[in-house]
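Before reading on, take a moment to look over the sequence and the 3D structure shown here. The report that follows moves from single residues in loops to the sheet, a core and the helices.

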Amino acid sequence: MMDDFFSEEEIDNARLFFASPCYFMLSVLKIENLPPFNYPEICFAGRSNVGKSTLINALTQRKGLAKASNTPGRTQCLNYFNVGERLYLVDMPGYGYAQAPKKLVRQWQGLIRDYLLGRPTLKRVFVLIDSRHGLKENDIAMMTMLDECAISYQIVLTKADKISKTAGTQLVTDITEILKKHGAAHPVVHQTSSEKMQGIPELRAEIMRIL
Ligand SMILES: Nc1nc2c(ncn2[C@@H]2O[C@H](COP(=O)(O)OP(=O)(O)OP(=O)(O)O)[C@@H](O)[C@H]2O)c(=O)[nH]1
Ligand SMILES: [Mg+2]
């Protein structure tokens with residue numbers, strides 16, 4: 001079976017699971033406030049404004065669950081969402097936000113590193129990449145840190161509605177090539193549009209496989 005093929009049954013099961021009750025659980029600013037390791041968790045990382053919070057809303061079909069906004073740097077803590085008392089989705093603060101005060105950036109970096117190193121229940125990090133911009137230096141830095149921490153991660157392209165199908169296919173090919181040099185990267189790249197709900201059923205099914 002191809003790695004990026006999802007059966008109708010898988011897609012349907014995933015849809016049903018994500019229709020179970022979801023709620024915002026807590027915001028974590030200090031590592032000691034992380035919840036107990038009671039469920040597997042999936043984390044969403046990426047540059048500020050890439051669409052992390054919007055993707056969480058699309059996956060769970062709850063519009064206002066994660067706060068999305070046009071103001072970059074909106075998500076400043078690790079925000080925990082509980083899905084069906086079985087899974088945590090973790091919304092991370094975005095990186096690469098130029099206007100962020102240096103002190104705050106250091107605080108986030110420390111929090112993120114402590115988080116990544118201290119969560120045995122963290123099953124995968126989805127590294128979100130804006131389809132219009134491709135991989136940037138700070139995305140590569142994030143991926144390298146994940147390689148070093150030996151944390152499984154996977155690239156998810158966002159805002160696919162903003163580029164042509166041809167450009168999207170080319171981007172997937174280019175990124176797939178780059179991933180060969182990254183030891184902890186899952187080889188399959190997902191293309192999504194939270195706006196058009198494109199690729200969302202498949203990403204849900206991918207999450208179900210990880211659990
Ligand atoms: N066209 C389009 N716009 C999107 C999509 N996903 C997110 N956006 C828009 O991108 C902007 C940023 O989205 P957020 O979800 O707040 O981004 P974020 O990554 O959580 O940002 P920070 O919390 O600042 O790190 C919002 O205006 C969203 O409406 C998409 O699939 N298509
Ligand atoms: Mg956000």
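R86 is exposed, because 12 other C-beta atoms lie within 10 Å of its own, and a residue counts as exposed when that number is 12 or fewer. Bear in mind that this is a predicted model, and that every value in this report is computed from it. R86 belongs to the loop between β3 (78–83) and β4 (87–91). R86 and Y115 are separated by 29 residues in sequence, and in space their C-alpha atoms are 20 Å apart.

**Loop residues**

K159 is another loop residue, placed between β6 (153–158) and α5 (165–179). Is K159 buried or exposed? K159 is buried, since 23 other C-beta atoms are found within 10 Å, and the cut-off for a buried residue is 20 or more. Setting aside residues up to four places away in sequence, K159 touches G51, D130, S131, R132 and S193. K159 also lies 8.8 Å from I129, C-alpha to C-alpha, although 30 residues separate the two in sequence.

Most residues other than glycine have a negative phi. N49, however, has a positive phi near 80 degrees, and M197 has a positive phi near 60 degrees. N49 sits in the loop between β2 and α2, whereas M197 lies in the loop between β7 and α6 (200–210).

| Residue | Other C-beta atoms within 10 Å | State |
|---|---|---|
| R86 | 12 C-beta atoms | exposed |
| K159 | 23 C-beta atoms | buried |
| N49 | 21 C-beta atoms | buried |
| M197 | 13 C-beta atoms | partly exposed |

**The sheet**

Strands of a sheet pair through backbone hydrogen bonds, either parallel or antiparallel. In this model, seven strands form an open sheet with mixed pairing, and their order is β1-β3-β4-β2-β5-β6-β7. The edge strands, each of which pairs on one side only, are β1 (22–28) and β7 (190–191).

How many of the nine residues of β5 are buried? Eight of them are, so β5 is largely enclosed by the rest of the structure.

In soluble globular proteins, nonpolar side chains tend to be buried together. The largest nonpolar core here has 49 residues, among which F44, F81, V127 and L128 touch the most other members. The strand that gives the most to this core is β5, with six residues. L128 shows what such a place looks like in detail: apart from neighbours within four places in sequence, L128 is in contact with F44, A45, G46, V50, G51, K52, L55, V156 and T158.

Helix α2 (residues 52–60) is largely enclosed by the rest of the structure, because nine of its nine residues are buried. These buried residues include K52, S53 and T54 as well as L55 and I56. Directly after α2 comes Q61, whose phi is positive, near 55 degrees.

α4 has 13 residues and spans 18 Å from its first C-alpha to its last, close to the 18 Å expected at 1.5 Å a residue. Which residues of α4 are buried? They are D139, M142, M143 and L146. Seen down the axis of α4, these buried residues fall within an arc of 95 degrees, so they line one face of the helix. An α-helix has 3.6 residues a turn, so residues three or four places apart point the same way. The buried residues of α4 pack against β2, β5 and β6, while the face turned away from that buried side carries the exposed residues E137 and A141. Just after α4, A150 takes a positive phi of about 55 degrees.

Note on methods
Residues are numbered from 1 along each chain as its sequence is written. Chains are lettered from A and ligands numbered from 1 in the order in which they are written. This is a predicted model: local features need pLDDT of at least 70, side-chain atom pairs count only at pLDDT 80 or more; totals for chains, interfaces and linings use all residues. Two strands pair if DSSP finds at least two bridges between them. Helices (H or I, at least four residues) and strands (E, at least two) are DSSP runs, numbered from the N terminus. Two residues are in contact if their C-beta atoms, placed from the backbone, lie within 7 Å. A nonpolar core is a set of buried Ala, Val, Leu, Ile, Met, Phe, Trp, Tyr and Cys residues joined through C-beta atoms within 7 Å. The expected span of a helix is 1.5 Å times one less than its number of residues. The arc is that of the directions from the helix axis to the C-beta atoms.
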